[in-house]
Amino acid sequence: MILPITIGVLTAGAIYLMLQRGMVRIIFGLALLAHAANLLILSAGVTAWRGEPLPSRTGVEDAGDPLPQAFVLTAIVIALAVTVLMLAMAVIGHNDDTKRMPETGETHRR
Amino acid sequence: MSPDYAPLVPLMVVLPLIGAGLTLAAAGRTVVQRAVSLTVLVGMTGLAAVLLWAADTQGPQVVFVGGWTATEGIVLVVDRLAALMIIVSSVVMLAVLSYSVGQGASSFDEESDGHSPLPVFHPALLVLAAGVTTTFISGDLFHLYVGFEMLLSASFVLLTLGGTVERVRAGTTYVLVSLLSSVIFLAAIGLVYAATGTINLALLSERLGEIPLGTVALLNLMLLIGFAVKAAVFPMSGWLPESYPTAPAPVTAVFAGLLTKVGVYAMIRTQTLLFPQARFDDLLLVAALLTMIVGILGAIAQDDIKRMLSFTLVSHIGFLIFGIAVGSTHGLASAIFYVIHHITVQTTLFLVLGLVERVGGSSDTTKLGDLARISPVVGVLFFVPAMNLAGIPPFSGFLGKVGLVQAGVAEGSWLALLLVAGSVLTSLLTLYAVAKVWGRAFWSENVAGITGGGPLRGGHHQALEAGVLVPTAALVVVGLALTVLAGPLFDVATRAAVDLTLREPYLLAVLGSGGAP
């Protein structure tokens, strides 16, 4: 039950953070959501406490499924890179939400 | 024994990635960068032509990466659909790259080469090319996800090129929405693996038939939501007109042509190969109708040509979803033909818009006027693809729409007939939207103090060099060639659609040959 509860808490926290206004909080929210998705993939292959999937150390019947671990590793790297990019964007476009009118090309008549 | 063409498949990804590395290493030497990028994209186009021929005459080309079998490794598959998609995307990329090279020392270089610490346009465009090809040739879901992330990361860089506040603001919306859809896709992959123990598309299409229908429906719905956000299907389309118009013309052209179509491709692939027994056809039909109508109503309301084109882009995604949802072979064939037509035409229009901005100094119809007299060439270059987009006979847009309408009538349900009516209405409204732009920007006289005949006052104007005219004209000609060659092209699309409906050729190619390379 630990894994589903963790995924649920992470998702709830992520959605709460993404509904906030500040860019940095939204980024944290997306990072949490990525963690939740990663744990979801892990839970698809490693449902119990299992050994490392190395044939020299663990028998096949005790080893975890290596494929989800490979997926998660890839997904973590991607999430990290994109988080860095978004943080850079948060720095460049700081406070544009609260101080500037949206520049979408539409005219705002007041 | 004919030669084996499968080893060419990985080159479609490896070539642009090597090119990206080289162009990054040659940062600051613009000539080297341009030579490398052009060589790579010409090579990709040639390879794609060979692969299309091979896939059409000899069946799907399959590569088992690293010699792993389909059960544990990555499989690359080029069947007719994938081959058609990669050749169109390569041609479009080549045209856009020639256009940006032809711009010479213009505004674009100031953004990418002059003030930016690293000239990242060429590397990012090549990574984007690699990502787009990866999604088209990948034979498993996770590899598809990686392809999506590659092209998304590259598109983030391209969209925020130069790092001005407007672009970062527009890019923020785009990045957040894209990432959210990626996470949904990722979660769906996890659930698919938990339910079936594989993510290989061919294996999945066998194993999904063995698990309860409710589970399959849930998985399908999650994948559909993930792809629908990327394809800008109506309830999830709000991000597109917000983010595309701020980018430079060549970047918008590539995005408009390729990024949403990648989502459409993923929907075609999963709906036909994985979920023939648990499809959401009615839901997709309603989404298609709303996408068409809402999109085109948005387009009519716009004064800015860039925003108008972004909304027509959303609107015409509805036609593609319509073809997928009808699901008959003829519907799928028409959708495939329409994808090819739409990639070409939409990219052309955004490139022409770049020309309009150079001549008129703006893309706002309230500030433009008399362009047809000032620059007849730009007028012709705009008119032809615009009529093509609106679906005036005999252009390829008309042919694709006729195919879709025929498929919808053949389907016969009231919802499909409603869609037929909606698509006709959307075509007429598209004609109205482009005619409005034509009337205001090209035919109206002396708007806002512009003197007719001479160069425009105010704003910054640039001369039309051959470097930007020729690639745009070439793409217009490609769009016309789609009309002339519509017969053979529709035949290939029909054969691709038959493959998709049968599923056998794909499964046999991936699973039948025993797995060893």
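In which helix of chain B does I18(B) lie? I18(B) belongs to helix α1, residues 11-25 of chain B; helices here are DSSP runs of H or I with at least four residues, strands are runs of E with at least two, and both are numbered from the N terminus.

The model is predicted, so local features need pLDDT of at least 70 and side-chain atom pairs count only at pLDDT 80 or more, while totals for chains, interfaces and linings use all residues. Residues are numbered from 1 along each chain as its sequence is written, chains are lettered from A and ligands numbered from 1 in the order in which they are written, and side-chain values use heavy atoms, with hydrogens and water left out.

I18(B) is partly exposed at a relative accessible area of 49%; buried means under 20%, exposed over 50%, and partly exposed in between, with a 1.4 Å probe and protein chains only. Together with L11(B), V14(B) and L22(B), I18(B) forms a nonpolar surface patch of about 320 Å² accessible area. Such a patch takes residues with over 30% relative accessible area and no salt bridge, joining nonpolar side chains (Val, Leu, Ile, Met, Phe, Trp, Tyr) within 5 Å and like charges within 9 Å. The areas come from the Shrake-Rupley method with a 1.4 Å probe, and for residues only the protein chains shown count as cover.

Chain A contains four helices and zero strands, in the sequence pattern α-α-α-α. Of its 110 residues, 30% count as buried. The accessible surface of chain A is about 7200 Å², and 67% of this belongs to carbon and sulfur atoms. Among the contacts in chain A with a separation of 6 or more, 45% come from residues 24 or more positions apart; a contact means heavy atoms within 4.5 Å.

Back in chain B, H342(B) sits in helix α14, residues 329-360. H342(B) is buried, at 0% relative accessible area. Leaving aside residues up to four places away in sequence, H342(B) touches K261(B), L313(B), H316(B) and L389(B). With K261(B) there is also a side-chain polar contact of 3.4 Å, that is, a pair of N or O atoms within 3.5 Å, where within protein one must be able to donate a hydrogen and the other to accept it, and residues adjacent in sequence count only if both atoms are side-chain atoms.

Side chains of opposite charge can pair when their charged atoms come close. A salt bridge is counted when a side-chain nitrogen of Lys or Arg is within 4 Å of a carboxyl oxygen of Asp or Glu, and over all chains the count is seven. One of them joins D56(B) and R495(B) at 2.7 Å, N to O. This pair links distant parts of the chain, from helix α2 (residues 30-58) to helix α20 (residues 486-502), 439 residues apart. R495(B) is partly exposed at 35%, and D56(B), R80(B), R495(B) and D499(B) are linked in a salt-bridge network.

R440(B) and D303(B) form another salt bridge, with the closest N and O atoms 2.9 Å apart. R440(B) lies in helix α18 (residues 414-443) and D303(B) in the loop between α12 (281-300) and α13 (305-326), 137 residues apart. R440(B) is partly exposed at 32% relative accessibility, and D303(B) is partly exposed at 33%.

In the salt bridge between E357(B) and K306(B), the closest N and O atoms are 3.9 Å apart. That pair connects helix α14 with helix α13, across 51 residues. E357(B) is partly exposed at 23%, whereas K306(B) counts as buried at 7%.
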